Amino acid sequence: MEIQLWREILEPYSLAVDELLIKFNHVQRAFQKANDYCPIELVQGRVKTIASILEKAGRKQIPLDKLEEQMGDIAGIRLICPFVEDCYAVADLIRKRTDMEIVSEDDYIANPKESGYRSFHMQIRYTVQTLQMPKTIYAEIQIRTLGMNCWCTIEHSLQYKYRGNVPEELSRRLQHTADGMIATDKELSSIRDEIQAAKIMQQEEDRIVSDILVTIQNLYKLASRREAVRMQEEFFRIYQEQDLSRLKHFATELDILAEGYRAQSLY
Ligand code: 0O2
């Protein structure tokens, strides 16, 4: 296939990945803004490289003119979650969306592959608007925990190094580490409430601190510089106390002061 043709074929996939990344990043932000626990820790996306498409087409005996129908992961999104329960919550979120149609699901978390691979796969159909016309493509969403992702990344590198023929002893040890990851995921789930509460607190503190700093900056630019410097010093003092309720109280006071100058943070 000519290089220009590859570019044309891959362009809608690239657009789809860009759009899906924006959408899932927005989901993360919506949870954060609502001061809610977000089940998605990290959002990643990629278009398969031409080399990887060719390798997979060879391995799965997919004719090059059937790539778009038969290779479902040319566009791939990976959603990485803190806990196993979150993976299922994220799958539910996706099922409720109307902008992506689910074609199939494979639960390799409940039913790990022989290699030890665990992830929740969703094949979707997604429509992008190209310059010429709307185009519907297949994409794959992989949902997994941080632990699963760590294992998959390492195993994937070894598969690459040994071109799919990982020595038996190494495979055995990899399966052993996969079992370890299952135990770690279970243990983390058992202290999930504690970790979720800590994450929400941290999220809230980040938001309040950034609001405070923007307001002080606005005060500095739009109103009284002396007042801004005084509030900044006060902020540093309170921040060092590591007391979220004191910080919230200070943010409210600062807002009232800034309101007088119409210098509140808009974030
Ligand atoms: P790359 O480089 O990640 O793109 P599915 O039909 O999707 O439910 P199935 O039938 O296993 O699952 O499909 P496929 O095409 O074999 O695997 C899809 C993708 O899942 C792979 O893409 C990997 O990303 C991941 N995957 C599946 N099995 C394994 C595994 O044993 N180890 C690791 N590390 N990843 C796996 P690619 O094209 O192989 O790789």
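This is a predicted model: local features need pLDDT of at least 70, side-chain atom pairs count only at pLDDT 80 or more; totals for chains, interfaces and linings use all residues.
**Exercise 1.** Determine how helix α5 and helix α6 are oriented to each other, and which residues make their contact.

*Solution.* 
Step 1. Helix α5 spans residues 146-161 and helix α6 spans residues 168-190. They pack at an angle of about 170 degrees, and their axes are 9 Å apart.
Step 2. An angle over 145 degrees counts as roughly antiparallel. Therefore α5 and α6 are roughly antiparallel to each other.
Step 3. From α5, the contact is made by Gly147, Met148, Cys150, Trp151, Glu155 and Leu158. From α6, Leu170, Leu174, Thr177, Ala178, Met181 and Asp185 take part.
Step 4. By class, these residues divide into 8 nonpolar, 2 polar and 2 charged.

**Exercise 2.** Carry out the corresponding analysis for helix α8 and helix α9.

*Solution.* 
Step 1. Helix α8 (residues 225-240) packs against helix α9 (residues 244-261) at an angle of about 170 degrees, with the axes 10 Å apart.
Step 2. This angle makes α8 roughly antiparallel to α9.
Step 3. The α8 side of the contact consists of Glu227, Met231, Glu234, Phe235, Arg237, Ile238 and Tyr239. The α9 side consists of Arg246, Leu247, Phe250, Leu254, Leu257 and Tyr261.
Step 4. The contact of α8 with α9 has 9 nonpolar and 4 charged residues, and no polar residues.

**Exercise 3.** Describe the contact between domain 1 and domain 2, including the area buried between them.

*Solution.* 
Step 1. The protein chain is divided into domain 1 (3-166) and domain 2 (194-266). Their C-alpha centres lie 39 Å apart.
Step 2. Domain 1 gives 9 residues to the contact, and domain 2 gives 7 residues.
Step 3. The area buried between the two domains is about 730 Å², and carbon and sulfur atoms give 55% of this area.
Step 4. In domain 1, the residues that lose the most area to domain 2 are Asn35, Tyr37 and Phe83, together 67% of what that side buries.
Step 5. The count between domain 1 and domain 2 is 1 salt bridge.

**Exercise 4.** How many salt bridges does the structure hold, and where does the pair of arginine 59 and glutamate 55 lie?

*Solution.* 
Step 1. The structure holds 19 salt bridges.
Step 2. One of them joins the side chains of arginine 59 and glutamate 55 (2.9 Å, N to O).
Step 3. Both residues lie in helix α2 (residues 50-59), 4 residues apart, about one turn of the helix.
Step 4. A further salt bridge is formed by the side chains of lysine 199 and glutamate 41 (2.5 Å, N to O).

Methods. Residues are numbered from 1 along each chain as its sequence is written. Side-chain values use heavy atoms; hydrogens and water are left out. Axes are lines fitted to C-alpha atoms, for helices over the stretch in contact, and angles run from 0 to 180 degrees between N-to-C directions. Helices (H or I, at least four residues) and strands (E, at least two) are DSSP runs, numbered from the N terminus. Angles under 35 degrees count as roughly parallel, over 145 as roughly antiparallel, 65 to 115 as roughly perpendicular and the rest as oblique. Contact means heavy atoms within 4.5 Å. Ala, Val, Leu, Ile, Met, Phe, Trp, Tyr, Cys and Pro count as nonpolar, Asp, Glu, Lys and Arg as charged, and the others, Gly among them, as polar. Domain bounds come from an automatic or database domain assignment. Buried area is the accessible area (1.4 Å probe) that two parts lose on being put together, summed over both. A salt bridge is a side-chain nitrogen of Lys or Arg within 4 Å of a carboxyl oxygen of Asp or Glu.
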